[in-house]
Amino acid sequence: MKRFIQTSAAIVLFVSLTCSAFSQDQPVVFKGALIYSMNGKPIDRGVLVVRKGKIISVGDANTKLPADALVQDVTGKVILPGLIDTHSHLGGPEGGDGSAALNPDARALDAINPSSDGFKKALAGGITTINIMPGSGHLMSGQTVYVKMRPAKTIEEMLIVNEKGVYGGMKMANGTNSIRNSSGFPGTRAKSAAMVRELFLQAVEYKNKIAKAGKDSSKMPERNLRLEPLVEVLEGKRIVHFHTHKANDIITAIRLSQEFKFRMVMHHLSEGWKVADEIAKAGVPCSLINIEVPGGKMEAVNLSLATGATLEKAGVAVAFHTDDGITDSRLFLRSAALAVREGMSKEKALEAVTIAGARMLDLSSKVGSLEKGKDADFIILSGDPFSVYTKVEQTWVEGEKRWDIQNPADKAFLTGGYGVYSTDRSEFHHHDNEDNEQ
Amino acid sequence: MQLKAILLASILWTSTAVSAQIAIKANIIYTASGTPIRNGVILISKGKIEKVGTTNNLPIPAGYTLYQSNVVTPGLIDARTLIGMSGVLNIPVDQDQLEKSSPIQPDLRAIDAYNPDETLVKVARECGITTLHTGHGIGALVSGQTMIVKTKPGTVENVTIQPLSMLAMTIGPSVSGYYGSPGTKAKQMAMIRTELLKAQLYLKKMNDKDSSKRPSLDLNMDILSKLLKGEIKALITANSSVDIMNAIRLAKEFNLRLVLDGAAEAYRLIDEIKSSKAEIILHATMARNEGDMVNMNRESAALLTAAGIPVSIESGYEAYVPKTRIVLYEAAMAMAYGLSFDEALKTITIHPAKLLGIDNRVGSIDVGKDADVVLYDGDPFEYTTKVCTVFIDGAVVSNKCP
């Protein structure tokens, strides 16, 4: 137990060292925009002040400006917090392979290419924080990572350690996604649940042994790469991100989380609209994918764009995600707009791409809203966040402008074009089984 | 039981009767052929557009059922899709778009596979898509025939506009992915040229004045003959610059009427495309930039239009999720990336109608055309706008706004 905490600590230290590298001493003021801080009402002609990668203040036109500030007039624009994508496959996280259905030891960390130009899609879409998930197609695809869209040569430079001291969750799935006619994989839903429960029982036993050993290192069980991250799950530090579509599979996911008392965010939820009250009662936050056409696989046949509205009415915490390459990171705001079209409130739909997602990653003390002391992650839009006529014009990460539509090299990543994107991106995680997954 | 049957019959009868005479009033009608009409009125009778005017000059006659709307467009046309052949479940029993037994199969008819009850067709219909150019898939040198249908429910015979529209062909890496041979670009071209040479010979023999010397009917050669005679167009999916040029070279050699499909890099070859007289059905604006579409550009529709090349936008083919795209949203995105509103609307109405040779019936709101009309609660291209009511041949086929 101690040893892997040490490993985590070493990475944390590395992360915090690299973070400070791109802070800017001089305060920068953005004034004149309609600011959706996601902390209180929208501020007309607001003022946002950032310094050293953090937000100094957010307020109305009367906000006091630092004397030495660089002032940028953004009158007529709209400012939002940097968007939070709670489920993406950018950077090629790969994950659990065909050798087993349960891969808690597989880390997206070890696979992601931090130089992937896929991340340019995120920046062009206004996304600044991403939960990159391994998988798909396993009961447990492995450990996810929470990353910031900083310029980086190593994945460590991108990681964000959350309020619980971890920088990722655990990807799980049920339903037809993880059923395969292959050795080591379940063939039915009941077997799927049984295999998960068996693994969690092992993890409980392992956790108890560690607790019993206390400070007596001679009694400490041997290190176990499969069970260590599950101990973090059982301790409530590492959140389970659970791919689940059909109503019965959603209920099964809830049943498992209640049996082992693990914290969970459910993802996708094509049929979430059928069991909204049950989800609300269980208090499980939900991250939805909004796709304009249902189907393409059996479990998504009843997908509805009204699920966001239905869950909102039931009182469920709702976020959206891209699942890039299922939907395109450049169109993340459009996903939210489609939910508005089908009855979700604009307020909750904006939360669903910002603060609600941050909460689902235990990151809301750092990102997801524009508040004093939080990271200076924000985007400047040309207009209404839910309009086809609106463009993301600038994306700022920790006080640094990372994407600007006025820069032709940046704009190219928005439009695409000859030689803009490389062919070796691998966010298309379903290729292995797209022809036979049901 | 008898009573129920009578009731059902009378309901069916009334709904047909109601569909006979309809008046639509709208704040703005985008006709796709002329300037937009403010405070517009459309009268529909016997499934056709009877009159078009304004509330000032066109009174609504007695006996017409009135529909009011914010915005109206013609029924939308998907210039190239596989839906109805390819289904929502994505399991082998509902995927009839690509026969993998051989890479050249011109004899495969779309009418033998198209399913008018397919869920994806219903989804398209509810989004205002009233006409589909659908049929055999992308991924074979010659995958089979395409057809043109209305998206209304019914039997294939009842919904078909043209049972044979084009011959679907593909030049590109997907062919080698599905078939053991061809394995290279050069082999692809050699195989298709060999087949067309055989067809030339067949056609020559078929034209022999001595009927006893004519060969017996060959289903494959018969369709290829129609292609060589220009009776049907060659719909060639080609995305990379090399594959597009191969398609143009092939069309020139065999004097084919070329429709370039997908055409992800067409924006790089504007002069070549113009001199070849090839028509363009452009990939979905939101298609994934992977594989041979890695160099796609969301500004393609705007770039081609600016160069004077009419663009039709397709939903194309999707292998996974989403299982299809909706051309209304793809045209909206083309507008977001540089196309004007009017031009964007044309990419899914009058341009594909002309390209498909059905503009005498559909593609614009003009007197005498089929009464395929879509009603919206706002700007058709805005993300938050709903498609409210859809008419096909003067009958309501979808009505979603309360």
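## Exercises on the domain interface of chain B

In this predicted model, 20 residues of domain 1 of chain B are in contact with 22 residues of domain 2 of chain B.

**Exercise 1.** Determine which residue ranges form the two domains of chain B, and state how far apart their centres are.

*Solution.* Step 1: the domain assignment gives domain 1 as 2–74 + 366–399. Step 2: the assignment gives domain 2 as 76–356. Step 3: taken over C-alpha atoms, the centres of domain 1 and domain 2 of chain B are separated by 31 Å.

**Exercise 2.** Describe the area buried between domain 1 and domain 2 of chain B.

*Solution.* Step 1: the size of an interface is often expressed as the accessible area lost when the parts come together. Step 2: between domain 1 and domain 2 of chain B, the buried area is about 1,800 Å². Step 3: carbon and sulfur atoms give 70% of this area. Step 4: on the side of domain 1, Ala32(B), Phe381(B) and Ile392(B) supply 38% of the area buried against domain 2, more than any other three residues.

**Exercise 3.** Identify the salt bridges and polar contacts across the interface of the two domains of chain B.

*Solution.* Step 1: a salt bridge requires the nitrogen and oxygen atoms to lie within 4 Å. Step 2: the rule finds 4 salt bridges across the interface. Step 3: Asp372(B) forms a salt bridge with Lys150(B), and their closest N and O atoms are 3.1 Å apart.

**Exercise 4.** Characterise the side of domain 1 of chain B that touches domain 2.

*Solution.* Step 1: its residues divide into 13 nonpolar, 2 polar and 5 charged. Step 2: strand 15 of chain B gives the largest share, 4 residues.

Technical notes
Residues numbered from 1 in each chain as written. Chains lettered and ligands numbered in written order. Predicted model: local features only at pLDDT ≥ 70, side-chain atom pairs only at ≥ 80, totals over all residues. Heavy atoms only, no water. Domains from an automatic or database assignment. Contact = heavy atoms within 4.5 Å. Buried area = accessible area lost by both parts, 1.4 Å probe. Salt bridge = Lys/Arg side-chain N within 4 Å of Asp/Glu carboxyl O. Polar contact = N/O pair within 3.5 Å; in protein donor to acceptor, adjacent residues only side chain to side chain. Helix = DSSP H or I, 4+ residues; strand = E, 2+ residues; numbered from the N terminus. Nonpolar A, V, L, I, M, F, W, Y, C, P; charged D, E, K, R; others polar.
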